[in-house]
Amino acid sequence: MELGIEGRVAIVGGASKGMGLATAKALAREGALVVMVARGADQLAKSCEQIANQYGSERVISVAADLSKKEEIDNVVSHTLSHWGRVDISVNNLGGPPPGEPSSLADELWYQAMELNFFSVVRMSQSVIPIMKKNNFGRILSVLSLSIKQPEENLALSTVARTAASSYSKVLSTEVASSNITVNTVLPGSIETERLKVVAEMQAKRQGANMKDAMGLRQAQIPASRFGKAEEAADLICFLASDKAGFITGQNILIDGGQYKGVF
């Protein structure tokens with residue numbers, strides 16, 4: 001299927017590893033021009049080199065930045081404009097805050113979680129929307145989590161901040177739809193990444209279980225009987241970023257192998 005991504009300019013957060021790296025690769029494969037963003041400059045440079053070697057150095061650049069900070073978001077967008085003159089696709093993908101139960105978390109941790117997983121989406125959207133409106137095209141995608149629909153043990157900060165990001169995305173989608181800008185969120189379930197291992201290890205320690213048993217129990221909750229692949233999430237993001245998905249907006253889209261137990 002021809003997705004119509006050829007020549008589109010995409011900013012991808014968390015692009016040094018996991019779903020972010022897989023998304024950057026998938027977009028480059030489809031012909032997009034990709035700006036890879038992550039905090040760790042060394043790992044980011046290595047990941048950028050991988051894509052450059054596979055799809056051509058003219059298709060990808062990297063900018064080391066902390067997307068929880070407004071000034072660094074502004075710098076990423078400014079760098080993108082100076083290099084390619086436009087922004088068509090924004091993929092908000094940041095790591096999660098530390099674990100904790102809601103009744104015991106200090107205010108400072110709540111503020112930090114909102115900066116990381118909520119305000120990063122707000123600020124990036126506000127920065128790229130004027131550019132997208134000029135070109136009458138835009139795709140804003142936020143990679144959140146299944147936990148906003150089906151909360152996980154001891155992940156209060158992540159669940160609350162990402163739920164706020166989902167609500168923001170919904171109301172934003174109605175504002176910008178007439179400018180051919182779509183706004184959607186992707187809700188991964190148990191995708192086989194480093195983040196999944198960190199969460200499983202944390203939960204195993206709380207339950208007095210070993211890591212192997214914890215991963216086995218998690219997999220048993222998935223009707224598909226396996227963990228998802230980062231590349232599968234990336235392919236979904238690519239489709240939502242494409243011309244083909246122009247009538248899909250304001251949606252929370254699950255990719256979880258059937259793990260979510262609700263109807264709505």
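Author: Let's start with pairing: two strands pair if DSSP finds at least two bridges between them. Helices (H or I, at least four residues) and strands (E, at least two) are DSSP runs, numbered from the N terminus. Keep in mind that this is a predicted model, where local features need pLDDT of at least 70, side-chain atom pairs count only at pLDDT 80 or more, and totals for chains, interfaces and linings use all residues. Residues are numbered from 1 along each chain as its sequence is written, and side-chain values use heavy atoms, with hydrogens and water left out.

Reader: How do you know that strand β1 and strand β4 pair?

Author: Strand β1 (residues 9-12) and strand β4 (residues 89-92) share three bridges, in the parallel sense. The rule asks for at least two, so β1 and β4 count as paired. As an example, Ile11 has Ser90 in β4 as its bridge partner.

Reader: What makes β3 and β7 edge strands?

Author: The open sheet has seven strands with parallel pairing, in the order β3-β2-β1-β4-β5-β6-β7. β3 (60-64) and β7 (252-255) each pair on one side only, and that makes them the edges.

Reader: Why is Asn184 called buried?

Author: Buried means under 20% relative accessible area (exposed is over 50%, partly exposed in between, with a 1.4 Å probe and protein chains only). Asn184 has 1%, so Asn184 is buried. This residue lies in strand β6 (residues 181-188).

Reader: What does Asn184 touch?

Author: Contact means heavy atoms within 4.5 Å. Leaving out residues up to four places away in sequence, Asn184 touches Ile140, Leu141, Ser142, Ile248, Thr249, Gly250 and Gln251. Asn184 and Ile140 are 44 residues apart in sequence, yet 6.5 Å apart in space, C-alpha to C-alpha.

Reader: What makes a space a cavity and not a pocket?

Author: On a 1 Å grid over the protein atoms alone, a cavity is a set of points where a 1.4 Å probe fits but cannot get out, whereas a pocket is an open set with protein on both sides within 12 Å along at least five of seven lines; lining residues have an atom within 4 Å of a point. Grid points are joined across faces, edges and corners, and a volume is the space filled by probe spheres set on the points. By this rule there is one cavity of 30 Å³ or more, and the largest cavity holds about 40 Å³. The largest pocket has about 890 Å³.
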